[in-house]
Amino acid sequence: MPKVVIDGIELEVPAGTTILKAAAKVGIDIPAFCYHPYLKPAGICRMCLVEVKGNPRLLPACITEVQDGWEIYTNSDAVKEARKWLLEFLIVNHPLDCPICDQAGDCELQDFVFKYGEPEQRLRDESFKYPTRYLGPLIVHQMSRCILCRRCVRFGEEVMGGADWGAYERGHETVVGPYESEIFADRYTFNMEALCPVGAITTNIYRYKTRIWKLDFTPSVCAHCEVGCWLDLGERDNQLLKVKHTAVYPSPWICDRGGYGFEFVNHSERILVPLKREGNKMKAVSWKEALGLVVGKIKELVAQGGKVAALASPHLTCEDYLLLGRFMKEVVGSDLVDYRLYGGLSHPEKTSLKSLDDVVKGEAFLVVGEDVSLHHPVLALTIGEACSDNGASLYLLVTADSFLCKFAQVNTNPLPGYEERVLEALLAAVEGKDYEALLEGSGVDKEALEKVAQGLKEKKPVLVGGNRLFPKGRELLRKLGEVLGGELLFLDWGSNAKGAFQMGFWSSQGGSVEEILKQCASGEVKALFVSSMDLFRDYPNGALVKEALSNLDFLVVHDMFFTETASYSDCFIPATSFAEDGGTVVNLFWEPQNRKRALRPWGESLPLWKVALHLSKEWGEPLGDFQDVKEVSQLVSQELSKEPSQVHQLSSGGQVPLEGEGLPALFEYPFYKVGVAIDYCNAFVQLEPEPRVTLNAEYAEEVGFKEGEKVAMEV
Ligand code: SF4
Ligand code: SF4
Ligand code: FES
């Protein structure tokens, strides 16, 4: 191990350590622009120059590996002089517009000029000026502020595996940005903005809203998917104005839903008081009246022999599921509760993988039944990283994958509705059985499947089962895992499906959302409570939802917005957003995480656990006397300490909604349309993403549809 002396401090570091990292070990910060701990070293900017005794030139600390016996100076006169010149050159063309720059206060150039530069800009000539590029609702690129560190470009190349974002021209005429796109929104755009050390990439969402030092940041967890990225929620005047990702957990990167998908919290259309139906109108009422109405009506219907059911979105907290579940099961006496409101028929399953760090170490991956970048975006980035950085092999058994396909060895791309059949064929191929008949009509040829089977046998695979896999598909994947000795990773819809399951928010009698809706439609279930999801938007069978809601005697909707589901309600009660209350969520790897409260609840809105508590009190059988969510969290911890039950198939014979074997179409919302209250995120709405329908080619020809054409679908 080389021994070195840095600024008089002796240390020993492993061979191959750069000067910058060695210095960091002894607490010496070397200023750097192009260096970023999660990108490959590039040595572009020269901000990190240091002096090595006996070496005639200053050396870039971020790419120079220490050698035994080196005496390094990070703050000598020569180094100080070099930094001063470099900073002066950088601001030759940089407008001194800090007073109107959203990055001010959080800008590395501002900080370094202040710390290491000269107070004055000596250039009196006209500087280069570039037009500002307004790249759609998410970001603005101001080339005049760019210092050409290329962090954004390298992110696109290294992490995303390619993006329409590059550096063009040469020398001081180099420009950075998209080559073709006039609107830039590429799922992971937030990271480019966050990586930019200056205000060259800023977001429209935060544009001129406030100053960074006026925001209070609270560490919390993203509410959009179960990857559970840690976020810092920036609040001012009880509004959520900015999100940062400083904790680099579970990944250094987040997706645009985590970074930009929070505008719904401050939306002017939020309903902030309880409402009750009076004829065709909804009238504002007090909480007391609303609770009295809900409990009175439910008691009345139960007394008449009617059933009561409750459905809650898989994006809520464990505290919510625990108390609503107890209210329904222990107070009302109904087992009809469920969280699988996107139409899934399976419950979450265990995995031996512990984190994304385990994923990145995977040697081979099989992904079945989900476009992972749509529903688990940072998991998709991590699988991509395993392929591009560590040489992992990736095999896709996914209809119309839109991101991971660029990393895949084999992308089988089965026709809509054939993913499970092809999985069955793959299992047979791996077991050396005959499988050709299973491939018939699937659009996958024998050669491709053979390659997948062979590849999976060569390296220990991670088998990723997406949320489109129904019970039979999951069973097949489990068998494949046994045969290959692979790790299983089943993905679920929502940011806390695993928590809902672990809290027992499901029917132990084997009910499913579909069965509950059918019982509503048939009149068996008389009263339904729906929390935080528009069934018309997200449950795959809109016709069943309509029939179910139309036949109810009493519908209570707890939500932030007056959705289409709410338009059928008899009583509407206002819900808090994820930023207005704390609680526990369980991530993809079954790891409990803490959501924290960053804002006070808006208006009279309440979180679901509090609603359940109030309902139980109104009923006369209080569930407890919890004053704060932390008290409920103690009960949640006890539940989470129990080993999760494994319920493989509760809904045998359940209809697979929308996508079934041989069905001609696969309907999916695009990236900027997936997540919590996403239709109320103004920037995402402006992107006008249309739901995507993938048609079986033969069927498309039969009905005369062409690629890119708009279609209307009815279910
Ligand atoms: S836009 Fe920002 S991140 Fe990209 S090269 Fe310029 S300064 Fe660096
Ligand atoms: S949506 Fe999922 S992947 Fe994206 S930031 Fe949120 S938790 Fe992370
Ligand atoms: S940080 Fe070392 S050259 Fe840019």
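**Close-up 1. The contacts of D102 in this predicted model.** Leaving out residues up to four places away in sequence, D102 touches T202, Y206, R207, Y208 and R211; contact here means heavy atoms within 4.5 Å. D102 sits in the loop between α2 (77-90) and α3 (108-116), where helices (H or I, at least four residues) and strands (E, at least two) are DSSP runs numbered from the N terminus. D102 is buried but has no salt bridge, and R207, the nearest side chain of opposite charge, is 4.4 Å away. Buried means under 20% relative accessible area, exposed over 50%, and partly exposed in between (1.4 Å probe, protein chains only). A salt bridge needs a side-chain nitrogen of Lys or Arg within 4 Å of a carboxyl oxygen of Asp or Glu. Lys and Arg count as positive and Asp and Glu as negative, while His and the chain ends are not counted. A polar atom of the D102 side chain does lie 3.2 Å from the backbone nitrogen of Y208.

A note on reading these views: residues are numbered from 1 along each chain as its sequence is written, and chains are lettered from A and ligands numbered from 1 in the order in which they are written. In this predicted model, local features need pLDDT of at least 70 and side-chain atom pairs count only at pLDDT 80 or more, whereas totals for chains, interfaces and linings use all residues; side-chain values use heavy atoms, with hydrogens and water left out.

**Close-up 2. Backbone turns to look for at Y208, L148 and P250.** Y208 has a positive phi of about 55° although it is not a glycine. Y208 lies in the loop between β10 (201-203) and β11 (216-221) and counts as exposed at 53% relative accessibility. L148, also not a glycine, has a positive phi near 55°; it is found in the loop between β7 (139-141) and α4 (151-159). The peptide bond from Y249 to P250 is cis, with omega near 0°, and P250 belongs to the loop between β13 (239-244) and α6 (256-260). For context, most residues other than glycine have a negative phi, and most peptide bonds are trans.

**Close-up 3. The shells around ligand 1 and ligand 2.** Ligand 1 is surrounded by residues including H141, C146, L148, C149, C152 and C196; a residue is near a molecule or strand if one of its heavy atoms lies within 4 Å of it. The shell of ligand 1 divides into ten nonpolar, one polar and one charged residue. Around ligand 2, look for C222, H224, C225, C229 and C255 among others. The shell of ligand 2 has eight nonpolar, three polar and no charged residues. Ala, Val, Leu, Ile, Met, Phe, Trp, Tyr, Cys and Pro count as nonpolar, Asp, Glu, Lys and Arg as charged, and the others, Gly among them, as polar.

**Close-up 4. The salt bridge between E349 and R478.** The two side chains meet at 2.7 Å, N to O. This pair links distant parts of the chain, with E349 in the loop between β17 (337-338) and α9 (356-360) and R478 in helix α15 (residues 471-484), 129 residues apart. E349 is buried at 3% relative accessibility, and R478 is buried at 10%. Both belong to a network of salt bridges that also links E226, R474, E475, D492 and K498.

**Close-up 5. The salt bridge between E436 and K446.** The closest N and O atoms of this pair are 3.4 Å apart. E436 lies in helix α13 (residues 436-439) and K446 in helix α14 (residues 446-458), so the pair ties together parts that are ten residues apart in sequence.

Methods. Polar contact = N/O pair within 3.5 Å; in protein donor to acceptor, adjacent residues only side chain to side chain.
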